[in-house]
Amino acid sequence: MSILVIAEHDNVALKPATLNTVTAATQLGEDIAVLVAGHNCGAVAEAAAQVAGVKKVLIADAPHYAHQLAENMAALVVGLASGHTHILAPATAAGKNTLPRVAALLDVAQITDVIKIDSADTFVRPIYAGNVLATVQSKDAVKVMTVRGTAFPAATVTGGSAAIETVAPATDVGVSSFVGQQLTQSDRPELTAARIIVSGGRGMGNGDNFKLLEDVADKLGAAVGASRAAVDAGFVPNDYQVGQTGKVVAPTLYVAVGISGAIQHLAGMKDSKVIVAINKDEEAPIFQVADYGLVADLFAAVPELSKELDKLKAAG
Amino acid sequence: MKILVAVKRVVDYNVKVRAKADGTGVETANVKMSMNPFDEIAVEEAIRLQEAGKAQEIVAISLGVTACQDTIRTALAMGADRGILVETDAELQPLAVAKLLKAAVEKEKPDLVILGKQAIDDDANQTGQMLAALLGWPQGTFASKVELGDGTVNVTREVDGGLETVALKLPALVTADLRLNEPRFVKLPNIMKAKKKPLEVLKPADLGVDIAPRLVTLKVQEPPKRQAGIKVGSVAELVDKLHNEAHVI
């Protein structure tokens, strides 16, 4: 078993999802190489080399990897594929963009969103918005898969001492280029890595009311999420969305406020350890999965929650 | 320019699916089927490009059982000009679909191919990327905005931290995210008109493609059920339970 993990990073720091993917890789074998492709990304390679379990870091540094466009990334990964039995990436927007392209070029199937590794060729993944789990076996020579971060613990960021090797960049494919980006600025923890998430739905009424949730989130050190309805209504940016088509999260505590609990939303959060629902409709499906439910008007309950948290803090 | 749109027939998104008792798959007998929601968005985008005078012809293609004709007719009723069905009863996995679509692209020579970003049944999110790879075309996945230029297309993509815009040389492939547009409702006269639009039926063998599945599904089962917990009477009780019982705050 020789496993290649594709690191996700922004040329400055390794993204946490990479650490969960390394853990998945350790369940397959010990010979784990991490590919850091980017531009001026030496610091990321240094960080990857410290990660426990990583044996080798491959660094490909060139301007055309700066934004990890799929066309160039796939060409690079395919060039490195021989000798590897498994190629893994986090099931993030970036991993899902690149890995199917890699698989097609290698003429192998790709396995999306692996949540459990049964053996070197047998994996479990959710289908139908997480309502069903499929166990699939790959007959391909190289297993190409994306890993659901919340299904595997993060590898320790220290303790490793991997050698860093430079790999020659592939030529620029030249069919695509990066124009620009608009990233959402936030001081709160990243949604997929947060220990506590406070999410709002259509019941919030408008974007300004999300301040109520932000206030509670700040007291809990939580991230703020949203249902598709809240995103589509323009209350919050779309990268807040939790669900089948948004982010999949599994925090210790998930607080769903004014969210009915459609199956598409549940697909993104039902593996949370403790789920709290605050909704005025006691028939809302969210109560069927909530550990603690409160039937109440959120506009009264959320400010009260904020006050209770202050009391709790004061009591130590 | 010509646009090819791929559409898939799937179990309707409102249906609560069940795994078969023998673990071989999910119950699809007597279950409502409809067009994959992301594909509706792909069709809508193609029509909008045509309405803006940027595209001349829209070809809708679907692959699978005979009943996929209904899905193609829906696309035709929305506004696509003609349809192609690649008819087969065999299980089609994304790589096989991408290979069949590649053969169709080589036959039809579109300038732009639009797919949904994922089907809501297999949740694979692979076909568009695989097709782009096989064609050697650039890809604009998870698109929330598509701007056609002269020989290029700018695609704004939904990424984890926000939005990203890429410029792709045509011919190119785009996969639609939910926020690309709001698909139109199909009107009855258009359904009648759609019945007269041409629909070509092909077999995988006509396209010379090997569609053998690469992954074997060993078992399909329902995930462990989550039990409903308790209802609390007040916010104070909720905070108390979270602090002293669940120990999460």
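Analyst: Let's take the sheet, then the cysteines, then an annotated domain. Keep in mind that this is a predicted model.

User: How should I read a sheet, and in what order do the strands of the open sheet come here?

Analyst: In general, strands of a sheet pair through backbone hydrogen bonds, and they do so parallel or antiparallel. Here, four strands line up as β6(A)-β7(A)-β8(A)-β12(B), with antiparallel pairing, in an open sheet. Its edges are β6 (116–119) of chain A and β12 (215–221) of chain B, each of which pairs on one side only. On average, neighbouring strands are turned by 30° against each other, ignoring direction.

User: Zooming in, how many bridges join β6(A) to β7 of chain A?

Analyst: Three bridges, and β7 (residues 122–127) runs antiparallel to β6(A).

User: Now cysteines. How many disulfides are there over all chains?

Analyst: A disulfide is a covalent bond between the sulfur atoms of two cysteines. The count over all chains is zero.

User: And is C41(A) buried or exposed?

Analyst: C41(A) counts as buried because its relative accessibility is 0%, and the cut-off for buried is under 20%. C68(B), at 4% relative accessibility, is buried too.

User: Last one: which residues of chain B does the UniProt domain annotation cover?

Analyst: The unreviewed UniProt entry places "domain: Electron transfer flavoprotein alpha/beta-subunit N-terminal" on residues 23–211 of chain B. Over residues 23–211, chain B is 30% helix and 30% strand, and the end C-alpha atoms lie 24 Å apart.

Methods: Residues numbered from 1 in each chain as written. Chains lettered and ligands numbered in written order. Predicted model: local features only at pLDDT ≥ 70, side-chain atom pairs only at ≥ 80, totals over all residues. Heavy atoms only, no water. Disulfide = S-S within 2.5 Å. Buried < 20%, exposed > 50% of the residue type's maximum accessible area, 1.4 Å probe, protein only. UniProt positions renumbered as here; feature names shortened; annotations may be inferred. Helix = DSSP H or I, 4+ residues; strand = E, 2+ residues; numbered from the N terminus. Pairing = 2+ DSSP bridges. Axes fitted to C-alpha atoms, helices over the stretch in contact; angles between N-to-C directions.
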